[in-house]
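Visitor: I am new to this structure and should like to learn how to read its features. May we take them one at a time?

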Amino acid sequence: MPVAVGAGVLVDADHLVDQIWHFYMHKRPAAILALHGWEWLAALGIVSAVLEFPWWMVAATFGYGSHVITDQIFNGVHRWGYSIAFRVHHRFRVERFSDRWRLKRPVDALINELRVGRRTPQ
Ligand SMILES: [Zn+2]
């Protein structure tokens, strides 16, 4: 369980790179998202098979796959937006990744995430 949760949560660390790229290096917003990719999921699946499905590899693959699948469903990105090849082909342009995607400053994103736990039903 900790392996699955770790693999499923640490994926979002790549947003920090995009935020630094834009807000601190003053570059055009980019959807680099180096850890989000169907290619990584395929690689995890292949490595799992080669290693004959050890429990920790299956857990990492399941955690990672759950993350990318839910991101694909709920983030409103292009159907191939979570393909690294697609993003490279479109030079990481945010507008090709999603027309709704907005980069938030790291502090604002953190505050927003903390509010999620405190929301009360209306
Ligand atoms: Zn994500």
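Visitor: What should the 20 residues of helix 4 span, and how far apart are its end C-alpha atoms?

Guide: Please keep in mind that this is a predicted model. At 1.5 Å a residue, helix 4 should span 28 Å, and its end C-alpha atoms are 28 Å apart, which agrees.

Visitor: Which residues of helix 4 are buried?

Guide: A residue counts as buried when its relative accessible area is under 20%. In helix 4 the buried residues include Met57, Tyr64, Val68 and Gln72. The buried residues of this helix pack against helix 1 (2-9) and helix 3 (38-50). Histidine 67 is counted as buried because its relative accessibility is 10%, and aspartate 71 is buried at 11%.

Visitor: Which residues coordinate the zinc ion?

Guide: The ion is held by Asp12 (OD), His36 (NE2), His67 (NE2) and Asp71 (OD), at 2.0 to 2.2 Å. Along the chain, these donors follow the spacing D-x23-H-x30-H-x3-D.

Visitor: How far apart in helix 4 are histidine 67 and aspartate 71?

Guide: They lie four residues apart in helix 4 (residues 55-74), so about one helical turn separates them.

Visitor: What arrangement do the four donor atoms make around the zinc ion?

Guide: As a general idea, the ideal angle for four tetrahedral donors at a metal is 109.5 degrees. Here the four donor atoms subtend angles of 89 to 172 degrees, and the arrangement is therefore irregular.

Visitor: Which residue takes a positive phi just after helix 4?

Guide: That residue is glycine 76, with a phi of about 65 degrees.

Definitions and conventions. Residues are numbered from 1 along each chain as its sequence is written. This is a predicted model: local features need pLDDT of at least 70, side-chain atom pairs count only at pLDDT 80 or more; totals for chains, interfaces and linings use all residues. Side-chain values use heavy atoms; hydrogens and water are left out. Donors are N, O and S atoms within 2.8 Å of the metal (3.2 Å for Na, K and Ca); water is not among the atoms, so sites may look incomplete. Four donors count as tetrahedral if all angles lie between 85 and 135 degrees; four count as square planar and six as octahedral if opposite donors are over 155 degrees apart and all others between 65 and 115; anything else is irregular. Helices (H or I, at least four residues) and strands (E, at least two) are DSSP runs, numbered from the N terminus. Buried means under 20% relative accessible area, exposed over 50%, partly exposed in between (1.4 Å probe, protein chains only). The expected span of a helix is 1.5 Å times one less than its number of residues. Contact means heavy atoms within 4.5 Å.
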